[in-house]
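Please read the following note with the sequence and the model open beside it.

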Number of protein chains: 2
Amino acid sequence: MAAEFESLNKTLEKNLPAEDLKEVKRILYGNPVSDLSLPAAAVSVAAELDFELAGYKIDAAAEELRQPRLVRIGAVQNKIVEPTNMPIAKQREGLHNRMKDIVKAAALSKVNVICFQECWTMPFAFCTREKQPWTEFAESAEDGPTVRLCQEWAKRYNMVIVSPILERDHTHQEILWNTAVIISNTGEVIGKTRKNHIPRVGDFNESTYYMEGDMGHQVFQTQFDTGRISWFLVSLQGSHYILVALHLCEPLWSIEARNAAIANSYFTVPINRVGTASILEENNPRSSYVAAPNGSRTPGLSRTRDGLLVTEVDLNLCRQVKDKWGFQMTSRLEMYAKSLSEAVQRNYEPPIVHEETTK
Amino acid sequence: MAAEFESLNKTLEKNLPAEDLKEVKRILYGNPVSDLSLPAAAVSVAAELDFELAGYKIDAAAEELRQPRLVRIGAVQNKIVEPTNMPIAKQREGLHNRMKDIVKAAALSKVNVICFQECWTMPFAFCTREKQPWTEFAESAEDGPTVRLCQEWAKRYNMVIVSPILERDHTHQEILWNTAVIISNTGEVIGKTRKNHIPRVGDFNESTYYMEGDMGHQVFQTQFDTGRISWFLVSLQGSHYILVALHLCEPLWSIEARNAAIANSYFTVPINRVGTASILEENNPRSSYVAAPNGSRTPGLSRTRDGLLVTEVDLNLCRQVKDKWGFQMTSRLEMYAKSLSEAVQRNYEPPIVHEETTK
C-alpha cells in the first residue's frame, strides 16, 4: 500500500475525471501553480542518481514600478545513505556526497536559495532516547565540516544555502542546539537561527536532546532580489520566505505551513525527510512543498523518494497579497501584545463569563 | 459545474477506489470520524423542509477518573429566504421562521449547543457598499427581537444558542458591531462577544460598516459538561470549542479553522452561509464543518444547500491532546509577549541580519 500510494496528487490525477480534478485541486491547492521546465542536464542527473526533480512557478501580477523579483527556491528531502550502525564519519560522508550531487542538480536548475532538511547530516535519532552515538553528529555552526562544505558549494554555485544541523556550541558549556546556518552566495556565513519550539511528544521528545532556541526570530537579508529568509515560524520582521522542517503527522503537515504563509503574507517551504531507517519507524510520511501567501501551493514531492523541489517564486506576490487582503492592518497586534503579556503572568486568571445562575 | 460539484467529499467518494479513498481521506481529514445516527423524526423534518442533516461523532479515549463529556454541537448554514428587495421586517421574519424549523430539528437531534452563521438575520450586505437599507437589520444584543426569539428557543429546547447578529449599540452613539450573543439553555443572555478582525478586502470591506470589537477575547461557561464557548479566534483562556464564521476563499476555508483547532487544542466550528443572493456573487462557497484538536475533521456540509451539522464531541479529547502533544509547554509565550510588545512600538526596527559584505 505505502509503495503504491506515492502521493496524494498522483492518486487524484489517476482517478478523477478532468473537470472534477480541476475543481478538487483548486479547493485543495488554491489557484493552480504552473510547471517550470528544468534544463535537460539537471533532469538527467536526477534520473541517473535516482532522485525526483520537480519544478513549479508561482507568479505575481505585473507591476508598473517594480520588476518581477524572481527567486528560485530549492527544497531537498532525502533518506539517510549509510546504515545507522556504520561509523559516524562514514554516515556523514555518505550524506555529504549525496547532497553534493543534489546541489549540483540544483545549480543546473538555476536555484538561488536552497534549503536542506532538519539535521540533515544525521539520521533522525531523537526518537531513540539514546544519546550515544548520535550526539557525535553535532558540530560547530561557525566552522564545522558541514558548514565549510556548504560554504564551498555556495561560492561555487552562487547559491544561498540554508543548512540545518545539530549544533555543538563549544564556547557555551558545549550545549546542543537545533540550528539552521545561513550561508551567503559569496560563501560567507551570514548567521544562524535556532529552533524555538521543541516537541515534547512521545518518542519525539526532542527537548531532552537540545535546548530551546535563545535567539528569538531573525531574518536574513540575501543578495537575491532583497529576498529575506527566516527559519521556523516567524512574523513581523519583513521576511519574504520561511524555510521550515516540521511536524507531527501527515494530516497536519499540509495545514500548518500553509496557514503560516497565508496569515503572514510570505512563502513557506516545509521540508521533511523521507525513508525508513532501522531507528525510525517512518510510517507517517510528509512530502515537501512550497506554500504561497495567496493560499496556493505546489504539489508535494514523493512521499517515499529523495527529491529536489525547484520553485520559482515572484517575491512581489507578498506585498500584492498584503495590499489585497490587508491582514497587517486588521491583525490587532496591540490587543495580542497586551493579552499575551497578561496571560504569561503566574497569577493570570482567564476572563471566563459565567451564567448569572451558575456563578 | 457548481451544481454537480456539491462537495469535495462526495466527488472523492464517487471516483476513488476504496483503498485509495481511505488513505486520501486520512491525509485530508485526519483520523476518521464516525457517523452519528440521528432520530427518524429529525431526518424527516429535514427532508420535508429541504435542508441537509448530517451527523458525526468525534470520540476521545476512555479515562479512569473522568467520564466522557459528550456535547452535541449544531452548526447551521442557510440561504436567505426572501428576496432582498422585500421589506426588512419581512426578510427577517423569513429567516426567523426558517431557523425555527432548523432549531426544532436540532432539538430532535439532541443538540446541546447550536450556532448560526454570521449576521444570520440578514443578507450578506457588506459587499454592496450601500448602508441603506441594510443597517436597519441591526438590533440590540440585549433585548432585540432576535435575542428574545432565541431566548424562547433556548429555554424550550434546553439548548445553548450562539446567535451572531449585526448589533446596534443604542447606549454608545448607536455604533454598529458584528456580535455573537451567547444564550444559556435557561434562556438567559450569558454575554456577547464582538468580532475583532474586520476584513478590509475589496468588496468585503466590512470595516466601513461596523467597529472592531472592543471586548478582547472572552470565554463563556455553559452548563453542558463545563463546555466553554468562545467566538472567533481565541486562545489561552481554557475554551473547549470555538464557533467561527469566516473567511476569504474556499482553499483557505479548510485550513484556517483546522489549524486553530490543532494549535490551541480545542474544537472549532467554522460555519459559512450558502447561496447566491442578487447582492452577493457567492462564487466561492465554503461549507461548514467541525475540526478537532487532534487534526481530525468532519466532512463539510453541502456547498449549495441549507444544512444542519450535528457533531457529538467528547470534550475530554482537548486535554488528552494537550497531554500528548504538549503544545502548551512548548509555545514560548513569554518570547512572543516580549516580541509583540516590541513590534507594536512605532520605532520598532525588525532584527534583519545582513551579510558582512552587503551591510
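1. In this predicted model, helix α3(B) passes helix α4(B) in a left-handed crossing (the near helix is turned anticlockwise from the far one by less than a right angle). Helices are DSSP runs of H or I with at least four residues, numbered from the N terminus.

2. The axes of α3 (residues 40-48) and α4 (residues 88-108) of chain B come within 8 Å and cross at roughly 160°; axes are lines fitted to C-alpha atoms over the stretch in contact, with angles from 0 to 180 degrees between N-to-C directions. The two helices are therefore roughly antiparallel (over 145 degrees).

3. B:Ala41, B:Ala42 and B:Val45 of α3(B) meet B:Asp101, B:Ala105 and B:Leu108 of α4(B), where contact means heavy atoms within 4.5 Å. By class, 5 of these residues are nonpolar, none is polar and 1 is charged (Asp, Glu, Lys and Arg count as charged; Ala, Val, Leu, Ile, Met, Phe, Trp, Tyr, Cys and Pro as nonpolar; the others, Gly among them, as polar).

4. Between the chains, 81 residues of chain A are in contact with 81 residues of chain B. The two chains bury about 7,100 Å², 64% of it on carbon and sulfur atoms (accessible area, 1.4 Å probe, lost on being put together and summed over both). In chain A, A:Ile27, A:Val353 and A:Glu355 lose the most area to chain B, together 9% of what that side buries.

5. Residues are numbered from 1 along each chain, and chains are lettered from A in the order in which they are written. Local features need pLDDT of at least 70 and side-chain atom pairs 80 or more, whereas totals for chains, interfaces and linings use all residues; side-chain values use heavy atoms, without hydrogens and water.

Notes. Angles under 35 degrees count as roughly parallel, over 145 as roughly antiparallel, 65 to 115 as roughly perpendicular and the rest as oblique.
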